[in-house]
Amino acid sequence: VFFFKQKTAYEMQRGLVGSEMCIRDRFTMDPAVKDMGEDVEELKKMVEECKRERIKKILAKELHELENSFKVLQASVVKPVESPVKKDEEIYLPIIDFSWEQTDTCVKIRITSGIDGVGALPKENFIVNFVQKGFDFKIKGLKGSNYRLKISPLNKEIKPADCKFLAKTNSVTITLAKINKENWDDVK
């Protein structure tokens, strides 16, 4: 005989209601899954070691039913969802405000908004990767946050080896060396 005790409001975690409580309670089934898995393994051993054919068939039938129940139980357990951001992975805020201008030989991208004090950062706090069709520029640890401007593909190709950036007190200028003297309609 089983007795079911309904939880009172005092026994429920604050902030969980309705189906959320059910989901929370389903996590406690992990030991049941483990126990049933061990039962399946033990019953498999019994079937293998059994010498009497009639008893072996009875055990095999029981094993089949237990394996099916085990699959249903495994499927019903909610597994915690992993965060898309790994624990050691850094989070970057996107840089969306910038201006740009061009000459015959280069395109200059200026970031002046939201990065006050950037010029005081050491060089190792800047990570930049120039490739022929784009670039990825990162600022690490500016007032406790990381920032990123990634543009790929660019409007036209660049010469990565001739590209550079310069950080000043409250701004950054990224210089993209053009492969040819064509005018760009836009950066992207």
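Modeller: Happy to! One term first: partly exposed covers a relative accessible area between the buried range, under 20%, and the exposed range, over 50%. Please keep in mind that this is a predicted model. With a relative accessible area of 29%, phenylalanine 165 is therefore partly exposed, whereas phenylalanine 126, at 11%, is buried.

These two residues form an aromatic pair, and the structure holds four such pairs. A pair of aromatic rings is described by the distance of the centres and the angle of the planes. For phenylalanine 126 and phenylalanine 165 the centres are 5.3 Å apart and the planes 40 degrees apart, a tilted arrangement. Phenylalanine 126 belongs to strand S4 (residues 126-131) and phenylalanine 165 to strand S7 (residues 164-167), so their pair ties together parts that are 39 residues apart in sequence.

Now for the strands S5 and S6. Strand S5 (residues 134-142) runs antiparallel to S6, joined to it by six bridges. Their hairpin has two residues between the strands, and lysine 143 there takes a positive phi near 50 degrees. Within this pairing, lysine 138 stands opposite arginine 148 in S6. Lysine 138 also meets a ring: it lies over the face of tyrosine 92, at 5.1 Å from the ring centre.

S6 (residues 145-151) has another partner, strand S1 (residues 93-94), paired in the parallel sense over two bridges. Here proline 94 is the residue opposite arginine 148.

Key
Residues numbered from 1 in each chain as written. Predicted model: local features only at pLDDT ≥ 70, side-chain atom pairs only at ≥ 80, totals over all residues. Heavy atoms only, no water. Phe/Tyr/Trp six-rings, centres within 6.5 Å; stacked < 30°, edge-to-face > 60°. Helix = DSSP H or I, 4+ residues; strand = E, 2+ residues; numbered from the N terminus. Buried < 20%, exposed > 50% of the residue type's maximum accessible area, 1.4 Å probe, protein only. Lys NZ or Arg CZ within 6 Å of the ring centre and 35° of its normal. Pairing = 2+ DSSP bridges.
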